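Reader: Can you walk me through this model? I'd like to take it piece by piece.

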Amino acid sequence: MAVLAPSSSSYHIQSISSAIFGSKLQSGEIQQTRLRLFTNSNYPGLTIKASAESLGLTQKMKSNKLERVVETEDGSELFEDMKHRFLSFKKNKYLENLEHYQNLAKGQSPKFLVIGCADSRVCPSTILGFQPGEAFMVRNIANLVPPFESGPSETNAALEFSVNTLEVKNILVVGHSCCGGIRALMSMNDEVDKSSFIQSWVVNGKDARSWTKAAASKLSFDQQCKHCEKESVNRSLLNLLTYPWIEEKVKKGIVSVHGGYYDFVDCTFEKWTLDYKEDNLKEKHGRISVKNQLRWS
């Protein structure tokens, strides 16, 4: 600890500053210290006490603050939280059901193929409680199934693998409320902007959009979007039948095709099953037949 008497000499102040804080300080830091000392020196008789320990504490606090900012920016804190969640899963799920997970390591035989939206708010495993090995999943913008003739995509690759190789018995397409992909579909012009990946994808739901525009033209835009969210699921169910290996299995009763709608505003879930009728496949009246409709609330 050092005690300084008031002085008008900058050289004296600088030398005392060096004595207090050490020669390792950068010139900018010394200059700031001198400014503070000069300000105080305007008051005669005032005793100024400077503590190297106090400065060290201040610098440490600033350093910790900067480190926290850096951790937040590079995601370290997020991954630290993720680590704890993984370790909790390992302890409370994996090790508690070790035999089940060891069997999964040998292969999978899921009961469902689930086609859901990529939206972060609507994870099917969280909402419907699927456990590892129960459902093969593919998630995309607006939970759309493109028709067979549209060409290769990750969605129809998942269809081929799950139906032909894994031999799933149920295909479930899940739509949801407040879907940004459906809103983009309803907002786009009739002519697709080929430079937009989003428009080039959601145009797969153009039939649902057209039907909604015709059937719900008097509703508000938000209500039209909600209508289209459900209608697009039905159009995806019909698109599933454009894949020969799926239609064949549905026709034989080997595979069932289901629709679902999760409303996370009031936390309700609607489920229905496509009632396959060959004479209705061409969709003469713009509607599809469904059965086993359920609402969970």
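Author: Lys83 is partly exposed, at a relative accessible area of 38%. Partly exposed here means between buried, under 20% relative accessible area, and exposed, over 50%, with a 1.4 Å probe and protein chains only. This is a predicted model, in which local features need pLDDT of at least 70 and side-chain atom pairs count only at pLDDT 80 or more, while totals for chains, interfaces and linings use all residues. Residues are numbered from 1 along each chain as its sequence is written, and side-chain values use heavy atoms, with hydrogens and water left out.

Reader: Fine. Which residue does Lys83 form a salt bridge with?

Author: Glu80, with the closest N and O atoms 3.2 Å apart. A salt bridge is a side-chain nitrogen of Lys or Arg within 4 Å of a carboxyl oxygen of Asp or Glu. Both Lys83 and Glu80 lie in helix α4, 3 residues apart, which is about one turn of the helix. Helices are DSSP runs of H or I with at least four residues, strands are runs of E with at least two, and both are numbered from the N terminus.

Reader: And Glu80, buried or exposed or in between?

Author: Glu80 is partly exposed, with 37% relative accessibility.

Reader: How many salt bridges does a search of the whole structure find?

Author: The search finds 10. One of them pairs Asp119 with Arg121, the closest N and O atoms being 2.7 Å apart. Asp119 is buried at 15% relative accessible area, whereas Arg121 is partly exposed at 44%.

Reader: Which pair links distant parts of the chain?

Author: Arg183 and Asp222 form a salt bridge, their closest N and O atoms 3.0 Å apart. Arg183 sits in helix α8 (residues 180–187) and Asp222 in helix α11, so the pair links distant parts of the chain, 39 residues apart. Arg183 is partly exposed, with a relative accessible area of 39%. There is also a network: salt bridges that share partners join Lys230, Glu270 and Arg295.

Reader: How many cavities of 30 Å³ or more does the structure hold?

Author: It holds 4. The second largest cavity contains about 40 Å³ of space. Its lining is made of Gly116, Cys117, Val122, Pro124, Ile127, Val174, Gly175 and His176. Two or more of these residues come from each of β3 (112–117), α6 (124–128) and β5 (170–176), and β5 gives the most, with 3 residues.

Reader: And by class, for that cavity?

Author: The cavity lining has 5 nonpolar, 3 polar and no charged residues.

Reader: Back to α4. Where does Met82 lie?

Author: Met82 lies in helix α4 (residues 76–94) and is partly exposed at 44% relative accessible area. With Leu78 and Phe79, Met82 forms a nonpolar surface patch of about 350 Å² accessible area together. Patches take residues with over 30% relative accessible area and no salt bridge, joining like charges within 9 Å and nonpolar side chains (Val, Leu, Ile, Met, Phe, Trp, Tyr) within 5 Å. Accessible areas come from the Shrake-Rupley method with a 1.4 Å probe, and for residues only the protein chains shown count as cover.

Reader: Last one: Ile246, buried or exposed?

Author: Ile246, in helix α12 (residues 244–251), is buried at 0% relative accessibility.

Methods:
1 Å grid on protein atoms, 1.4 Å probe; cavity = no way out; pocket = protein on both sides within 12 Å on 5 of 7 lines; lining within 4 Å. Points joined across faces, edges and corners; volume = space filled by probe spheres on them. Nonpolar A, V, L, I, M, F, W, Y, C, P; charged D, E, K, R; others polar.
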